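Trainee: Could we go through this model together, one question at a time?
Mentor: Gladly, let's look at it first.

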Amino acid sequence: MIKKFIFLFLPPIILNFLKVLKKKLKKKNYLKKPEVQELGLYFDPEMAKVLDTWGERNTWIEIQHLLYDKKCKILDIACGTGKVIEILSKQNLSDIYGCDISDFLIEKAKSRGIDKDKLKVCDATALPYLENEFDFCYSIGSLEHFTLEGITKFLQSSKRVTKYKGFHLIPVSKSNKDEGWIHNYQSYFNNSEEWWLDICKNNFDNVEIMDSSWEDDISIGKWLILTKLNK
């Protein structure tokens, strides 16, 4: 009754303002800046099954092309169950190492027959490898799940341990706007291409971005190609 009374007597300009304000408040509640990375999902057997299949028609094909002629020492950051390492190893890219924060997923990688000496349980924001230990590194659908501070630390850590380039698959919002931290099956940043480029340019000497064929309802895939110019 009160709502009907308000709508009857308030001028249209005020009603429109209230509608816009309501939308903004809803959006603010839906999007937030994360203070901690959400990790519980990466110890779930059902998630391991998802990780074993989700990129087989797009990103896993693309990383094979990106690393096609690079027969050297490569690091898979946030390697999950090791499926991509297994695929690349069959392409004669045999010196591939992997790391992940989930010991559960690393055990899955070992069960594939991947050399346990090439796998580590660690945080991607503080990689326990030597400076320039790897020629190249890559990550697929991982970087966006870190906090803002975590993304910067991830990039800095990957730069330290890599001689030349890193290839990182991330989602960009279909609106190409900064939509913020999305709570979905996994929580992640769904922001604009420019947002990602700004962060990367603060940490790398040369930054390129390339289209991926991966997409979902609200995001499209992009490959960040980050070059370290050794001076």
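**Around Asp52**

Mentor: Asp52 touches Trp60, Thr81, Lys83 and Arg112, leaving aside residues up to four places away in sequence; contact means heavy atoms within 4.5 Å. This is a predicted model, where local features need pLDDT of at least 70, side-chain atom pairs count only at pLDDT 80 or more, and totals for chains, interfaces and linings use all residues. Residues are numbered from 1 along each chain as its sequence is written, and side-chain values use heavy atoms, with hydrogens and water left out.

Trainee: How far apart are the C-alpha atoms of Asp52 and Thr81?
Mentor: Thr81 is among the residues that Asp52 touches. Along the chain the two are 29 residues apart, yet their C-alpha atoms are separated by 6.8 Å.

Trainee: Is Asp52 buried or partly exposed?
Mentor: Asp52 sits in the loop between α3 (45–51) and α4 (59–66); helices are DSSP runs of H or I with at least four residues, strands are E runs of at least two, and both are numbered from the N terminus. Buried means under 20% relative accessible area, exposed over 50%, and partly exposed in between, with a 1.4 Å probe and protein chains only. With a relative accessibility of 25%, Asp52 is therefore partly exposed.

Trainee: How is α7 oriented to α8?
Mentor: The axes of α7 (residues 148–161) and α8 (residues 193–201) come within 10 Å and cross at roughly 50°. Axes are lines fitted to C-alpha atoms, for helices over the stretch in contact, and angles run from 0 to 180 degrees between N-to-C directions. Angles under 35 degrees count as roughly parallel, over 145 as roughly antiparallel, 65 to 115 as roughly perpendicular and the rest as oblique. So α7 is, relative to α8, oblique.

Trainee: Which residues of α8 make the contact with α7?
Mentor: From α7, the contact uses Leu148, Ile151, Thr152 and Leu155. On the α8 side, the residues are Trp195, Trp196, Ile199 and Cys200.
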